[in-house]
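Reader: Could you take me through this fold and tell me what stands behind each label?
Author: Gladly, let's look at it together.

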Amino acid sequence: MKLDLSLYLVTDKRNKTDEEFLEIIEEAIKGGTTVVQIREKEGETLDFYNLALKVKEITSKYNVPLIVNDRIDVALAIKSEGVHIGQTDMPADVARSLIGDEMILGVSASTVKEARKAEKDGADYIGTGAVFPTATKDDAPSITKDDLKEVTGSINIPTVAIGGITLENASELAGTGIAGISVVSAIMNSEDPKTASENLLKIYNEKIDKN
């Protein structure tokens with residue numbers, strides 16, 4: 001499965017029923033979302049496993065990669081396309097040894113040093129941010145546009161920008177060398193996830209990817 005990082009959705013189930021949550025994901029994919037990462041930090045393992053299975057049914061239907069945040073056990077159990085880990089999770093080289101060579105490995109990195117180490121340890125892509133202020137992830141370090149350009153220019157694997165990205169500010173990331181934009185609220189809390197995805201992807205393709 002080709003990894004197209006152009007529009008990378010990170011899920012947030014807060015204040016949503018399972019049905020609402022799953023519908024948002026499917027509508028987002030219909031609107032052009034190219035990758036889905038299921039990231040749910042609260043709840044029991046069994047609940048997360050069952051929810052992830054339902055999400056996998058949707059992503060598989062549309063041939064979109066599903067990435068599981070942090071939980072390598074769940075990623076392996078549901079046979080997702082990949083896993084994403086942060087700097088305080090399991091070391092990337094250990095994660096790679098557990099998931100093998102075929103699964104996608106994403107790593108959060110906010111500095112050149114972290115990004116280079118992640119690449120050396122087997123990461124397929126880097127998630128870098130927060131590029132704008134965000135309330136979704138309180139502990140996300142903030143980075144400047146210059147920081148982002150420095151990271152993308154220092155490694156040979158693609159970088160996805162994350163953190164507070166909206167329809168209003170996404171175009172500001174032009175010229176940074178990113179391979180995609182990662183959003184949470186801009187889609188998960190949208191009244192029309194399909195249209196939000198269409199518009200975000202259009203901004204990436206026309207204003208960011210061309211610079």
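Reader: What makes the barrel closed, and in which order do its strands run?
Author: The 8 strands form a closed barrel in the order β1-β2-β3-β4-β5-β6-β7-β8, with parallel pairing. Strands here are DSSP E runs of at least two residues, and helices are H or I runs of at least four, numbered from the N terminus. This is a predicted model, where local features need pLDDT of at least 70 and side-chain atom pairs count only at pLDDT 80 or more, while totals for chains, interfaces and linings use all residues. Residues are numbered from 1 along each chain as its sequence is written, and side-chain values use heavy atoms, leaving out hydrogens and water.

Reader: How do you know that β4 and β5 pair?
Author: Two strands pair if DSSP finds at least two bridges between them. Strand β4 (residues 82–85) and strand β5 (residues 104–108) have 4 bridges, in the parallel sense, so they pair by that definition. One of the partners in β5 is I104, bridged to G82.

Reader: How do you know that the length of α2 fits a helix?
Author: The expected span is 1.5 Å times one less than the number of residues. For the 17 residues of α2 (45–61) that gives 24 Å, and the end C-alpha atoms are 24 Å apart, so the two agree.

Reader: Which residues of α2 are called buried, and which exposed?
Author: Buried means under 20% relative accessible area, exposed over 50%, and partly exposed in between (1.4 Å probe, protein chains only). F48, L51, A52, V55, K56, I58 and T59 are buried.
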